[in-house]
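Biologist: I would like a close look at one helix pair and its surroundings. Please take me through the crossing first, then widen the view to the rest of the model.

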Amino acid sequence: MNSLFLEIAVVLLGIILLLVEAFCDRSNKNYLAYLGAAGLAGVLALSFLPQNAPLPDSSEAAFIVSDILSVFFVRFLLIATIVTLLMIPGYRTVLERYLPSERVGGGIGEFAILPLFVCAGLMWMVSTVDFIMIFVSLELATITLYVLVTYLRQNTASLEAGTKFLILGALSTGFIVYGIAWIFGVTGTTNILALPDAISALPESSLYALLFGIAMMLVALSFKTGAFPFQFWIPDVYQGAPTPITSYLSVASKAAGFVVLIRFLLSLETIPVLANKLNAVLTLLAALTLIFGNFAAIPQTNFKRLLGYSSVAHAGYLLMGIASLASLMAIPAIGFYFAAYLAMTTLSFVVLQAVSEATGGDEISRFNGLSKRSPFLAGAMLLSAASLAGIPFTAGFIGKLLIFEVALKQGHYGLVILGCVTVAAGFYYYFKVIRAMYWQQPSEETSIPVSATTKLLIFVLGAGILIFGIYPTPLLAALR
Amino acid sequence: MSLLLILLIVLPLAASVIIMLGAAPRIVALGTAILNLLISVVLFARYDLTTGGWQFVSEWKILPQLGINMTLGADGLTLTMLLLATLVTLSALWIAPKIDKREGVYHICLLFISAGVIGAFASLDVLFLYSFHELALIPTFIMIGVWGSGDRQAAAWKATIYLGLGSFILLIGLLALYLSIPAASRTLDLRQLDQMAAAGTFHPSSLIYLILLVGFGSLVSLFPFHSWAPPAYACAPAPTAMMHAGVLKKFGLYGLIRIALPLFPDAMHEFNGLLLLLVIGNILYIGYVTVAQKRLDWTIGYSSVMHMGYIFLGLASLNIIGVNGAMILMFAHGLSVAAAFALCGELRRRTGTLDYSELGGIAKAMPILGLLFGFAAMASVGLPGFANFAGEILIFFGATSYGPAMILPVIVGVWGVVISAIYMLRAYRSTFWGPMNARWDSLTDITATARWSVILLLVPLMVVGFYPQFLVKMVTTAIPR
């Protein structure tokens, strides 16, 4: 089977669903989300068929790779998109409230279809090694996300989030194009894998021009991954965007950004002159991201915003892994961390969506007495908070353990000690939610309804957290 | 491969799942606790003293490339602690009053604490030793906050932050320990660590010992990291206080015995002066603070902090007799403090207050509670005939043979016995003797259930008190040669 086959399948699926939406029953659009999820599950199954890597001398090989990183993250993105699509039916009432209703169900169908195009863009992004391709796939994903973030057009918070996302996204696009231009100008190639050869042939005088280009790329990728000091858009955008999209942004979009960062750095770190400089920069970035994400999360009272800061904090732990890429175990550790992050972050967004649907808000105080109103949701949130905080026997703990281990092997002792301190800070702010759920009295005693789809999602994600937390070996084996 | 140890951990967890699915919480939880107690008695009886060492070992591979396996095993000390844990669990679940709100969650929390401590004591892998202890942290936090009394939320927050920070200092120490092992033979298995230390191929920096001492110390309420303990115990519901003060807190001491004693013999000598200074703080300063308390639950809370000083004194004597005494006292103190908190909780449920100024003469209305509390108080003071006496006398013998550095701590320790007699007798007098306030006329004595669940704790105390030799033989197997 050809490479890029899966991406093409996803795009086709999206186009077919758009046609279905246009010509079929208008009253109930939930089936579109289910159809999309089923279609993606089919694509996920296809990804396990044996695939032909591009022939080494073909023109395709200059753009597309099929390695462990791309295979793992393509599946990761498919799963993340399936979960997001399954969250959408539960979000229907909010969509109806904030969308202009000239016709029944207007605009609701597309909300379940657009994520497919984001998914295709991100899948492409993790399988390519060419700057131009990275740029094009990034734009496919980002422009679709602009639409999705502003989707609640009569909700000012969503519009504000969308505007910020658009302006800062455009800015980071500028950085990435500028960086590509400088790197291409100096080395004459846009292929990441060809960079080391091109750079080693360079005269020393052009090193600073190259470093400038690399710096621009790092700035742009920091935007995408949410690393300090380019994380400032995250809390506002996360808070304002529709909840399923927030969840998608924090998991899928971040993962694709990290994969590009990994490919870029792996190639550059083969050059000793650059390796030392990059190592220092990345260590600093990781440290600052850890400090900012964790300590700024402490005073938050809005849970969605708190999860925004928490996603910055987790980017910090992942950057610890990125700063230790020289270790063989670094990529398995980062991949495992992402799998754990997918399960625990999405689980908390699923619970948040159910709770805010019933209580009408995203504040932590809306979780008050949840253990009385719905012990099931409270238990699910307890599990995901425990995993996010890094309590043993959850996937989050093993993820942190693996990351700390590679960081120690690379001699980042300071980062690891800082990591332990920020984990303690994490305990504090994740426990705030547990405290609200179990200690506080609920404002009303009515139980919160949980739909069958939501229940299924919670069971699957919760099982993922526990199973990977107790028996991580199979997942790690898939990463090696 | 013996599966009895893993069964001890799995049973409470399985019982939690069954309760979640809707079974009657109290019956399932009590049944599990009885089964667990039987298993631990069987293990205790089947331990082969002539061969000694680790027995009932079982192993599951978790992360082989990091040398992390879930290895369970037991020697005499482990089995003693498991006996303590299962005894206190049964007693705590048995004496738990009828819960109106969220009965299921209450029992699940207690079962999780139990599974956590049992796992921590039975683990041979340092990472799992740590992990299982963490498992018990969240349920403790939830229980104090939901079912506690008084200023419960502040107390729970304070305890959680102290214990959370203590755990992370501990984690840093353990990471540092792991790194100081030569890369080729990195392992977290206690047996291999002991072997390496004994063979002299492994010399961790003594700084790591200090980190571990602070980490484990704050979990055991070593002076000056103790201030979380009294408010948390005073506010916690009785079964939680029993589990935490009786069993979970002993984890810190257990960790020091397992990790610090065999791996850091030189560092322990080097920093013994510092440890002894803290021990004096624990015994003398906390002792006087205890005398000044005006409420029964705070008195017991502080007294439990103070008695940790004796156990540390035993460890600091660095010889077989002293460490044996420390281990016996861990077991004895666990039972006596659990009994005291159980009775405290029963009293509070009936009177609604534990203030000395409002109590007095309660023994007239509740003679059996008074009698049982007398036993628990005398055990805690260290009256001969109770296991606490056996532990303390061994600790004093061990300490005096350490050398001249111990003269002052031993004098302080003996004086501490007088202090604890003062506050315990005072507490006993102000609560149970004297003129009775008329409003307590209608109090009913404790039920047969509560009576037997406390007797369950007091009987082993007296058995060991009269015949300590068999327990001494058991715990000696854990002392590195």
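Modeller: In this predicted model, α15(B) passes α19(B) in a left-handed crossing. Helix α15 of chain B covers residues 296–316, and helix α19 of chain B covers residues 387–400. Their axes come within 8 Å. The crossing angle is roughly 40°. An angle under 35 degrees would count as roughly parallel. The two helices α15(B) and α19(B) are therefore oblique to each other.

Which residues of α15(B) and α19(B) meet? From α15(B) come Tyr310(B), Leu313(B) and Gly314(B). They face Glu392(B), Ile395(B), Gly398(B) and Ala399(B) of α19(B).

Follow the chain on from α15. The loop between α15 and α16 (320–351) of chain B holds Leu318(B). Leu318(B) is not a glycine, yet its phi is positive, about 55°. Most residues other than glycine have a negative phi. Is Leu318(B) buried or partly exposed? Leu318(B) has 17 C-beta neighbours inside 10 Å, so it counts as partly exposed. Burial takes 20 or more.

The peptide bond from Phe223(B) to Pro224(B) is cis. Its omega is near 0°. Most peptide bonds are trans.

Chain A has a cis bond too. It joins Phe228(A) and Pro229(A), with omega about 0°. Pro229(A) lies in the loop between α9 (207–225) and α10 (233–240) of chain A.

Now a helix pair in chain A. Helix α12 of chain A runs over residues 272–297, and helix α13 of chain A over residues 303–322. Their axes are 8 Å apart, and the packing angle is about 155°. That makes α12(A) roughly antiparallel to α13(A). The crossing of α12(A) and α13(A) is left-handed. On the α12(A) side, the contact residues include Leu282(A), Leu285(A), Ala286(A), Leu290(A) and Phe292(A). Also among them are Thr289(A), Gly293(A) and Asn294(A). On the α13(A) side, the list includes Leu306(A), Tyr309(A), Val312(A), Gly316(A), Leu319(A) and Met320(A). Ser310(A), Ala313(A) and Ala315(A) are among them as well.

Step back to chain B as a whole. Chain B has 22 helices and two strands. Of its 481 residues, 59% count as buried. A compact globule with 481 residues would have a radius of gyration near 23 Å; chain B has 21 Å, which agrees. Its C-alpha trace spans about 75 × 60 × 40 Å along the principal axes. Take the contacts in chain B with a separation of 6 or more: 82% of them are between residues 24 or more positions apart.

Chain A can be described in the same terms. Chain A has 20 helices and zero strands. Buried residues make up 57% of its 480 residues. Among contacts in chain A between residues at least 6 apart in sequence, 80% join residues at least 24 apart.

How many residues of chain A are in contact with chain B? There are 20 residues of chain A in contact with 21 residues of chain B. On the chain A side, the elements giving two or more residues are α17 (395–409) and α18 (413–439). The largest share of that side, ten residues, comes from α18(A).

Finally, confidence. The mean pLDDT of chain B is 90. In chain B, 99% of residues reach 70 or more. For the complex, the predictor gives an ipTM of 0.81 and a pTM of 0.88. Where pLDDT is low, the predicted coordinates should not be read in detail.

Technical notes
Residues are numbered from 1 along each chain as its sequence is written. Chains are lettered from A and ligands numbered from 1 in the order in which they are written. This is a predicted model: local features need pLDDT of at least 70, side-chain atom pairs count only at pLDDT 80 or more; totals for chains, interfaces and linings use all residues. pLDDT is the predictor's confidence in each residue, from 0 to 100. Helices (H or I, at least four residues) and strands (E, at least two) are DSSP runs, numbered from the N terminus. A residue is buried if 20 or more other C-beta atoms lie within 10 Å of its own, exposed if 12 or fewer, and partly exposed in between; C-beta atoms are placed from the backbone. Two residues are in contact if their C-beta atoms, placed from the backbone, lie within 7 Å. Axes are lines fitted to C-alpha atoms, for helices over the stretch in contact, and angles run from 0 to 180 degrees between N-to-C directions. Angles under 35 degrees count as roughly parallel, over 145 as roughly antiparallel, 65 to 115 as roughly perpendicular and the rest as oblique. A crossing is left-handed if the near helix is turned anticlockwise from the far one by less than a right angle, and right-handed if clockwise. The radius of gyration is taken over C-alpha atoms; the globule rule is 2.2 Å times the number of residues to the power 0.38.
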